Amino acid sequence: MNYDLIAHTDIFEDFSVEGIRQIIACSGAFVKDYQKGQTVFQEDEKPEYIFLLLTGKVLVTKNYFSGRRTIFFEIHEKEVFGILIQHREEETYWYDASAVTDCRVLAIPWKFLFQICPKSCSYHSTLIKNMFTVQADSCVSQMKKLHILSGPTVEAKAAYLMFELADENGELDFKMNREELADFLGVTRPSLSRSLMNLKKDGYIDIYKSKAKILDYEGLEHICYK
């Protein structure tokens, strides 16, 4: 297990390697490998674990009977996912999490957070404190996505997303292919490709594959409010 990697995650902030070892031993946490395309958890399963992605990439999605898919979040290395608390016996996930690449995941039982640590260690309280931070960050991420999806057109949604992802130089990497990006924005792939090309043709952005650069901030902002 890569303890140095785990130590550089939000959920294990301020932990020593020994502290991580102790929490894993006390909680009954375990590491599991998933192959590309394999499901980490799926809709209607009870949320029993907090998941920390150690390597690979995971998509959190909602899949419909028609075959249509909506991407909620893209999970990258060192990020926490599956943070739905089972506060009622009938509580279940209403979305899926699937490995986009081969993945390694640390699963921590939820129940550990709501019981007294048998060793009465300080690490237990630190983990709980860190989980509040992770939950707060998750709420902010959800608010940002709602803001992005509030765009009245496909161009506006894409513009909001680019403003969110761009660095100080206006450069960004979507880190998704076009199909994933369309599912994330809740639009069709042809509509997204056409909209991005229109934004490029009109001089608002430059784009190549998954990378883009904002060329006209004011003009692109105007697109958001058309």
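**Entry 1: K209**

I began with K209, which is exposed, at a relative accessible area of 63%. That clears the cut-off, since exposed means over 50%. I note that the model is predicted. I placed K209 in the loop between β10 (205-208) and β11 (211-214). I then checked its distance to G37, which is 172 residues away along the chain.

**Entry 2: R178**

Next I followed a contact of K209 to R178. I found R178 in helix α5, which covers residues 178-185.

What does the side chain of R178 meet in a polar contact? I found the side chain of S193, at 3.4 Å. I also listed what R178 touches, leaving out residues up to four places away in sequence. The list holds R189, L192, S193, L196, M197, I207 and K209.

**Entry 3: the largest pocket**

I turned to the largest pocket and read about 1300 Å³ of space in it. I noted 39 lining residues. Those nearest the pocket centre are F72, F73, E74, I75 and S141. I then sorted the lining by element: β5 (69-75), β6 (80-81), α3 (122-149), α4 (154-165) and α5 each give two or more residues. Which element gives the largest share? I found that α3 does, with 12 residues.

Definitions and conventions
Residues are numbered from 1 along each chain as its sequence is written. This is a predicted model: local features need pLDDT of at least 70, side-chain atom pairs count only at pLDDT 80 or more; totals for chains, interfaces and linings use all residues. Side-chain values use heavy atoms; hydrogens and water are left out. Helices (H or I, at least four residues) and strands (E, at least two) are DSSP runs, numbered from the N terminus. A polar contact is a pair of N or O atoms within 3.5 Å; within protein, one must be able to donate a hydrogen and the other to accept it, and residues adjacent in sequence count only if both atoms are side-chain atoms. Contact means heavy atoms within 4.5 Å. On a 1 Å grid over the protein atoms alone, a cavity is a set of points where a 1.4 Å probe fits but cannot get out, and a pocket is an open set with protein on both sides within 12 Å along at least five of seven lines; lining residues have an atom within 4 Å of a point. Grid points are joined across faces, edges and corners, and a volume is the space filled by probe spheres set on the points. Buried means under 20% relative accessible area, exposed over 50%, partly exposed in between (1.4 Å probe, protein chains only).
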